[in-house]
Structures are given as structure tokens and as C-alpha cells.
Amino acid sequence: MKAKWNLFSEDLDSSIENLEPLPEHYESFIEKVKYISRKYIPRGCRTHHIPGLSSEIMDNYNTYINLFENNPFEEQTRNKGEELTNAIAQEKRNKWHEPLNKTDMKHSRKKAWGLIKRLNSDTTSVKGLSNVTPDQIAHQLLLNGKPQKLKQEDKPNKRIIRNKEKEGNHLSRPFEEDELNIAIEAMKLRKAAGLDNIFVEQIRNFGPKAKRWILALYNEKRNRKNIRKIWRKTKIIALLKPGKDTDDPKNYRPISLLCHTYKLFERMLLNRLVPFVDSTPIKEQAGFRSGKSCTGQILNLTQTIENGFENKKVTGVALIDLTAAYDTVNHRLMLKKLYDITLDYEFVSFRSSFRQQKIFHKKAANLVDTIIASNAFGDDGMDDDGLFFKLLGFSATENKMTKSLLILVPLTKTFKNADDWIFPAGFDAKH
């Protein structure tokens, strides 16, 4: 049974006609979405499922069941059973051939890697329960978010110096419906929901009235310069890094499950901001930039090594990974830099309201939940759409480090992808 998205959209639009799009009515809106979803979106799992049994083969299956109930040992029953078995086997083969023929690492990497993992016959060892508690992992995450104390002379100036004559409102203007539709289309499906239990599939099927309601809500939040309490909450899931010891809290990588309505809001902010900050990172940086990727940097490194081999040079490579890079971003300095780039004080002041204390629901393996409150985490260090803090965060640091390394080794090149940096340098083989 499939979801009846048309009825879902129509019923939701009619149910919110008298609901004013205000932040205090957001919870009521969410409850209406959940109630209508229960009416038109099936839940649960299939109790009787035969892999490969398609709708085309269902008639043969029903015929075989009738013959088997009458006389299971009759020749016609056996022939029908063999025919049904062959049809199911052929259907299974077709299901494998289709993804193999359509696999494209460039446009659908997630599907491609999923297919490779399914084809891999290597046995994976099942890890037992960990002795690490959620409190221990939460404590480690807090330690990761603690920046190192700088000397007084090394502390940067974090104060925003306004230039009112050049200020504009190109980023803080009201959101439009086209911006909302573009942001919704860019959201990825089949993602886990946040604490409000609203999925991307539901947002994708909002009707025109529901979209206008959520758009008016976003503009109201922009005017009030605050966000809802539920948007400040996130569920943190700790995943063990591959091949690491399960009893060491440092070996767990956190992911956060934010509300998708909040992520949609941030994506709209991001789409406005990217044209302003796209030129901020140095040209060697490939992370978070359109048209560049980690694969391209690996190709550049390989080409550099090959060029050195042809010129009879030995290429040495230094690999640098920044520890807790996103968790230790100085947000006041980022806000100052954001203002210097955009000259939109209203946008920066609204973005600064996101820095208020958040509540994290912590879960590790099958252990009991615990709740920690912290503002040490980067606001966007672990979510999907806060890329502008990452874009702004690395440009100053990497410019300074790159210049220092170029002074030490003048022939050094740099290839970077987010917080992973590669510095290859060629030397004459005789030296």
C-alpha cells in the first residue's frame, strides 16, 4: 500500500486555513501534519513478503496456491511450481542487472557504494556491547569543543565595526516562494527525522497553502530574530569509527538529527549567502565548493607525483588533519567576518541569535539516554546545512598556515578538502 500524497496535501491545506502562521502556532502545525500523515501514509512492515514476487507474477502464484491446496503431488502442480520458481529467480536477476547498468558514481554515489557493499562477500565481525556510557561520550564531545586559550597578543579582534553608509539588506530581506521551492528540492530524501518527527518526504508533498504557511513562519522568525525551542534541540547519535576500540570515548563520531523544518530554513539562508562567501576560501580549498571535490584533489596529488617522477624528482607529502576543526570555530570572530563580507548587520544579528544554548539528547548504542546542555558545540559543526560557518572558518586559518609553510618550503603545493590538507613537495633524487 502506497502513501496517498495528493490527499495528504489537500487535507493539510484545508486544515491550516484558520491557523495563523506565527511561531507560537508551530507545534499545532506539526501536530496537524502528524495527524493527517497517519490517515494517508501507511506504517509498519510487510508480514508476508517473497523477494522477487512482482505484481506480474502474482497471478501465477495464486494459481499455484490453488493447485497445491487441491493436490500438491499432481504433475500440473509441480510444473506450475517450477514455472513460478523460475519466474521469481529471473525477476531477482533483473533487479540486480538494472542497478548495475544504471550505476553512476558521479550522479548517484550513495546508490553506487550501497550496491558495492551488497556485492561484497567479505564477512563483517559483529561487535559486542560497549562499556562506554553516553555520559562519557558527551564529556568527550564537550572537551572537543573547548578551544585552546590564546595569549593576549594572539587574540583576534572580535568586535564588529559597523559601516552604516555601505550597509544593505540584500540578505535580510523577506524570503520569497521561489527560494522556498528551490530549498525544498535540494533537500535529500530518506533522512532521519529530528525531535519533531517530520520527514523530508512530508515537506516535499506540502500543498501550496502549507508552503505559504511555512514561508510566512520563516519571515516572522526573521522579523523577531529568534528560533523555536524545538529547533534548538538535537538528538546526537554516537557512531563508532571503523576498526576502533569500542571502549574508548574518543573513537566515536557524533552525528546530529535536527528538525528538517529548521534545516530547510538554514538552507534558504545558505543559498543567499553562498554567492558572497564563495570567493572567500583560497583557490586550493575544494571542500564545500561547487564543482570541486575530494576526488579532484586526489587526482591533482597523483598528477603532481607523476610529474615529479618524469622530472626525476622525489615527491614528499605531508598530511595534516585538524582535530575538532568544526567544534572549535570561534563564532564571534565568524560573525565579525560575516559582517565584513556581507555588510548586512540585520542578517548577522539574526544569525547571532542561533548561538544561544542548545540541548542535546545523547544516545550511544543501546544504552540509556542522557541529556547535556552546552554552547561549546559549533552551531553548525554537526548539521547538514550550516556550511557558511565552515566556509568562513577555514579561510583565515589556512591562509596563515599556507604562507608559513611556503616560507619553509618554497616549492610546496597545497591540496585541501575541508580540514584535510596535503602538502606535496618535489626534491632532486640525488639529494
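Visitor: Leaving aside its neighbours within four places in sequence, which residues is Tyr218 in contact with?

Guide: Contact means heavy atoms within 4.5 Å. On that basis Tyr218 touches Phe175, Leu180, Trp231, Thr261, Leu264, Phe265 and Met268, its neighbours within four places in sequence being left aside. Residues are numbered from 1 along each chain as its sequence is written, and side-chain values use heavy atoms, without hydrogens or water. This is a predicted model, in which local features need pLDDT of at least 70 and side-chain atom pairs count only at pLDDT 80 or more, while totals for chains, interfaces and linings use all residues.

Visitor: Which residues of the largest nonpolar core touch the most other members?

Guide: A nonpolar core is a set of buried Ala, Val, Leu, Ile, Met, Phe, Trp, Tyr and Cys residues joined through side-chain atoms within 4.5 Å; buried means under 20% relative accessible area, exposed over 50%, and partly exposed in between (1.4 Å probe, protein chains only). Here the largest core has 43 residues, and Leu12, Phe29, Leu180, Phe206, Tyr218, Trp231 and Leu264 touch the most other members. Elements that give two or more residues to this core include α1 (5-15), α2 (26-40), α9 (208-224) and α10 (260-277). The largest share, seven residues, comes from α10. A second, separate core of six residues includes Ile137, Leu141, Ile236 and Tyr252.

Visitor: What is the strand order in the open sheet of three strands?

Guide: Helices (H or I, at least four residues) and strands (E, at least two) are DSSP runs, numbered from the N terminus, and two strands pair if DSSP finds at least two bridges between them. The order in this sheet is β3-β7-β6, with antiparallel pairing. β3 (313-321) and β6 (415-417) each have a single partner strand, so one side of each is left without a neighbour in the sheet. Between β3 and β7 (residues 420-428) there are nine bridges; in one of them, Thr315 is partnered by Gly426 of β7.

Visitor: Where are Arg190 and Asn197 placed?

Guide: Arg190 lies in the loop between α7 (177-186) and α8 (200-204), and Asn197 is also in the loop between α7 and α8. Neither is a glycine, yet phi is near 60° in Arg190 and about 60° in Asn197. Arg190 is exposed, at 74% relative accessibility, whereas Asn197 is partly exposed, at 46%.

Visitor: Over which residues does pLDDT stay under 50?

Guide: pLDDT is the predictor's confidence in each residue, from 0 to 100. The protein averages 77, and 75% of the residues score at least 70. The value stays under 50 over residues 359-391, which have 101 contacts beyond four places in sequence in the model, and over residues 393-398, which have 17 such contacts.
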